[in-house]
Amino acid sequence: MSETVMTGSRALLVNRMIVSVHAVAIIGQPVFAGGYLSGDYDMLWPHRWGADVVSALGYAQVLAALVLWWVRGPRWLSVVSVLVAAGETVQYFAGLDGALDLHLPLGVALVTAMVLTTVAVWRPQVRRAAR
């Protein structure tokens, strides 16, 4: 009987995949928003749908990062993931309320945070830390 145990390497790979997909999804959001803001009002639907996807990926990233921390991986990814997910939650509700004065700059900050997180999680030092 063999047991499947999540190792640090596997947990890191899962985190790298989720972070990468999350980054691609969040980078797509300004594209949809830009279409909407330039007058193509049909782009609001993909932006709203994208917000649901980004939020779900944010919460999945938190869970994956906590598993990585649990198997003695880097702790910083858990902290960053929680902060990004919290920011995305605020972002989501600011968008629903039409608070563009908060929604737009927070969106820029979240995209930047995810790009930097993606770069950081793929660095070789992170792999060594997850062993």
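**Close-up views of a predicted model**

**View 1. Gln29 and its surroundings.** The side chain of Gln29 lies 3.0 Å from the backbone oxygen of His47, a polar contact (a pair of N or O atoms within 3.5 Å; within protein, one must be able to donate a hydrogen and the other to accept it, and residues adjacent in sequence count only if both atoms are side-chain atoms). This is a predicted model, in which local features need pLDDT of at least 70 and side-chain atom pairs count only at pLDDT 80 or more, while totals for chains, interfaces and linings use all residues. Residues are numbered from 1 along each chain as its sequence is written, and side-chain values use heavy atoms, with hydrogens and water left out. Gln29 belongs to helix H1, residues 8-37; helices (H or I, at least four residues) are DSSP runs, numbered from the N terminus. Gln29 counts as buried because its relative accessibility is 9% (buried means under 20% relative accessible area, exposed over 50%, partly exposed in between, with a 1.4 Å probe and protein chains only). Leaving aside residues up to four places away in sequence, Gln29 touches Pro46, His47, Gly50, Ala51 and Val54, where contact means heavy atoms within 4.5 Å.

**View 2. Asp52 and Tyr92.** Asp52 sits in helix H2, residues 44-70. With a relative accessible area of 35%, Asp52 is partly exposed. The side chains of Asp52 and Tyr92 form a polar contact at 2.6 Å. Along the chain Asp52 and Tyr92 are 40 residues apart, and their C-alpha atoms are separated by 8.4 Å.

**View 3. Helices H1 and H3.** H1 packs with helix H3 (residues 76-97) at an angle of about 30 degrees, and the axes are 13 Å apart. Axes are lines fitted to C-alpha atoms, for helices over the stretch in contact, and angles run from 0 to 180 degrees between N-to-C directions. H1 and H3 are therefore roughly parallel to each other (angles under 35 degrees). From H1, the contact is made by Asn15, Val19, His22 and Ile26, and from H3 by Leu77, Val84 and Glu88.

**View 4. Val111.** Val111 is part of helix H4, residues 100-121, and counts as buried, at 18% relative accessibility. Residues up to four places away in sequence aside, Val111 touches Ile26, Ile27 and Pro30. Val111 and Val126 are 15 residues apart in sequence, with 21 Å between their C-alpha atoms.

Notes:
Helices (H or I, at least four residues) and strands (E, at least two) are DSSP runs, numbered from the N terminus. Angles under 35 degrees count as roughly parallel, over 145 as roughly antiparallel, 65 to 115 as roughly perpendicular and the rest as oblique.
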